[in-house]
Amino acid sequence: MEAHVLGPVRVEVGGRRVVQGRTKLAALFAALITSPGCRAGRTEIETCVWPDERVPDDRLPSLMTALRKKLEVPLERGKSSAYSINLPWESTDYLRFREFGRRSGAPGLSWQERFGWLSRAMDEWGCEEPLHGLPGPGFDDRRTELRIEWREALLRHLAAAHRSDELDWLRNRTEGLLAQCPEDWPVFRFHLLARPELSQRSRFRLYTGMRDRSGPPGDRELEEEIKRLVKRASVSRGGSDRSERAVPRQLPAAGRSILGRESLLAGLRETLVKKRADGVMALVVLSGMPGVGKSALARHLAAEVASEFTDGALHADLRGFAGLDIEPASPDQILDGFLAALEVKTRATGPENKAAALRTHLANRSVLILLDDAADAEQVRPLLPGDGSCAVIITSRSSLDGLHASEGVCLTQIDPLDGEDAAALLNDALTPESAEANRDSVAELVGLCGRLPLALSVIARRITRRPSAAIRALVVQMREERNRLRAMDLPDDQLSVMAALHCSVGVRSPAAKCLLWQLAVHPGPSIDWSAAVDLGRAGAGGDVDRALEELSGANLVELRDDRYHLHDLVRVLARHHMDSHIDRPLPALREKTLSRVFEYQLQHTWACDRVIDSNRVLPVPPVSADMEVYPPQNDKEAMRLLDAEYETVTGGIELAIQKGYSRYAWLLSMVLITYQWRRGLYIAVEHNLTRVENCRDITAPSDWAMFHRMLAGSREKQKKYAEAADSLRTAVLLGEQDDSDPGRLSLARSLHALALTLRRLADPEGAAECHRRALDLFRTLGNRVGEAGALNGIGTLHHDRGEYDDALRQCTEARWLFEATTDRNGLANVLTTLGKIHLSRSERDRALTMYERAVDLYRELGNWSHEATALERCADILVSAGRAPDAVRALERVVVLLERLGGEGVRNVLDRLDGLR
């Protein structure tokens, strides 16, 4: 593949141009390629591709599908509604430009090597404007950003030419640039540097001519630098111009290259270089949990940009989290070291006066400062320069929010590595043969280390030159949670994940420690704010929200997508190694915490389920007075809430089973079923129900009957009709044992479900008998929803026999009954049956109307599987009516729904789309 965006957009695959010009495909490709990491959110893409248009939900996924087929490369959609494209950097001019620019900043390169890489980067730019011809404000902004990137690279290219003595090239290049833009003062500066042989008079004449044409530079530092160049005596071509002022070079060695941080490093480097060029102090904070690699990243970043800061580099270890028995470094002590290194003679005493002296000295200088392991914003603030072209890189386990609010810091959250880079770190410790032989063990070790660089580094050392049997034994040891952190300890090398985590936990308040312990007991993988606060009230109490803020600010808890997450190793520490930090009896706290977790999950899931299906009855107790539950307003909100909570609730079911809370295990399994069915999670339903089938807390026959109906429904959706029928016959027998109204209602529902399954088993007589019995019971009980469902089932049987008039009569009556209730899912079901009947009667337009209304209802309800089925039937009718474009739109939506449901059947639908487009 060969692709271009630094000009008119075009993409060639196998020598054939597949994307070009101003098409929507070209716009989508350009939007992805020019986004950070080739990844962009839905809104960002739509702003570029469809400026000033209202975009239907299915248009972007459809265009992504089309682009995927054209390019024959992976295009992915993440959980956060972000889309990405995965291309090798060699394939695209813009990616090559950025990669060559990144390589130019690698530590240890000579200036000649830097010049070579930057020359290759600049060669990627042609004469035309980037993204040529793509309209709209989104691409206008991107063109501006690309021009800024080009400008930054240009100035770095000129600087590398000067430092590598490519003066002839530099003179020719700057002459050409000044001919195009005579007012460009930064380029004029390099033009003077390219002419060291000029006399002072000639320099002055060039300077005054430039000033007459364009006025003063507007940048005090740049103007002072140019004045110094004008006054400088001429030197021979082989001469040098060295500052007499001593410059500190305190940066620690960057160490081995780091994996998985290349794009992050490039972005941070560009930020620092740009702010320095603009004469603005750059302040970058690298924040993250212990062991995530902040210090290593900071050292590499500092090494890459140090050459841009001509007045030197300072470094200090602030010891913010060096250990519980080690005090953080005082700002006063650090200031003494900085002032001495800069040879500043001052009589200032106290941190405030020393800080002022430091700011005064750095006001007109360009110095890089690296502050490692900061405790808080107060420790850092006295060490910061004022306005000017200095830069500060800070690492901290805390987010330093106070510094962010007052100083406008560029905060960068450092996350664990992705799986591929984490595996590469471990494989570096093995021979190629050993890496291949231990591929599965390495993959499992990556997961057990939580992709945390410190943990991976310890394990990498432990598996170096070890036989496969020893590596597998280490995996087995680490599978046991209690042993995991102990395996990540190298005392001889002073590397310990547990010690690093303990240092962060130990300085927290008692309330924060207690809440962290409770969050580890919580099944996870995430928890929302209200659940965390409710949990905390059952523990330490007090200001739980403040404790949560403290944990989040310390990066022990991560707020992501409005939910709080614990890293796996933080969870392990809190579960097994925090007992000494908790100031209350743990058995009682554990019991109270578990009960609160299960009760909260049950009540909130039940509140959502009652909105989704108001006809369900379960023995869920009333909400206790000390718990707040706010039911969602509609189906859409209920499904959205359950989407967010699903993994957490399934984790709660697993935990309830493990800990013997059988009542919660079966009730949580039951209240989740309607949601699971609408999301096509039938296997998960069967898995949960079979695990709680022997629960002794289920006592009422009607509850047991409902249990078997839910189990049968999930088996029926998996086409396991015989097993489903067996479960339903058990439910019918249970219903016949209870002559109360609830018992008869349970029997009616079991008969109705059995009738539907018997139809699947080609037993129409048995199905008809069960439907008639169910209908009589529903009518006796005055249950309109059940009556309508039974009539719909009877109508389906009439349709199967070709009795279309009788089928239409029964299903029309069912429709009237459903429309008098709030059961929109039942209404959608009978509309699909009516659509099938009208189609059999050759009433195509009427059938399409029924299916389209059913689609609208299923979409409102979030019933993805039924919506997809109804849409496919709509598409069949539209094709037969000669409305291929409408059929394409329907099938494009089907693709989106099937991908959400796991992808089964997508290939067949895409093949149909190919035939229609």
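Modeller: A contact here means heavy atoms within 4.5 Å. Met 488, leaving aside residues up to four places away in sequence, touches Leu 448, Cys 449, Ala 455, Val 458, Ile 459, Met 478, Leu 495, Ser 496, Val 497 and Leu 569. The model is predicted, so local features need pLDDT of at least 70 and side-chain atom pairs count only at pLDDT 80 or more, while totals for chains, interfaces and linings use all residues. Residues are numbered from 1 along each chain as its sequence is written, and side-chain values use heavy atoms, with hydrogens and water left out.

A nonpolar core is a set of buried Ala, Val, Leu, Ile, Met, Phe, Trp, Tyr and Cys residues joined through side-chain atoms within 4.5 Å. Buried means under 20% relative accessible area, exposed means over 50%, and partly exposed is in between (1.4 Å probe, protein chains only). In soluble globular proteins, nonpolar side chains tend to be buried together. The largest nonpolar core in this model has 131 residues, and Met 488, Leu 516 and Leu 519 have the most contacts inside it. Helix α28 (residues 586-612) gives the largest share of this core, 10 residues. Helices (H or I, at least four residues) and strands (E, at least two) are DSSP runs, numbered from the N terminus. Another core, of 69 residues, lies apart from the largest one, and its members include Val 9, Leu 60, Phe 97 and Phe 190.

Rings of Phe, Tyr and Trp (its six-membered ring) pair if their centres lie within 6.5 Å; planes under 30 degrees apart count as stacked, over 60 as edge-to-face and the rest as tilted. There are 12 aromatic pairs in the structure. In one of them, the ring centres of Phe 598 and Tyr 664 are 5.6 Å apart and the planes are at 35°, so the pair is tilted. Phe 598 belongs to helix α28 and Tyr 664 to helix α30 (residues 662-671), so the pair ties together parts that are 66 residues apart in sequence. Phe 598 has 0% relative accessibility and counts as buried; Tyr 664, at 13%, is buried as well.

A charge sits over a ring if NZ of Lys or CZ of Arg is within 6 Å of the ring centre and within 35 degrees of the ring normal. The charged end of Arg 663 is over the Tyr 664 ring, 5.4 Å from its centre. Elsewhere, Arg 679 lies over the face of Trp 864, 3.5 Å from the ring centre. Trp 185, Phe 188, Phe 204 and Tyr 207 make up one aromatic cluster.

The cysteines come next. A disulfide is counted when two cysteine sulfur atoms lie within 2.5 Å, and the count by this rule is 0. For Cys 390, which is in no disulfide, the nearest cysteine sulfur is that of Cys 410, 17 Å away. Cys 390 is buried, at 2% relative accessibility. Cys 608 is also buried, with a relative accessible area of 5%.
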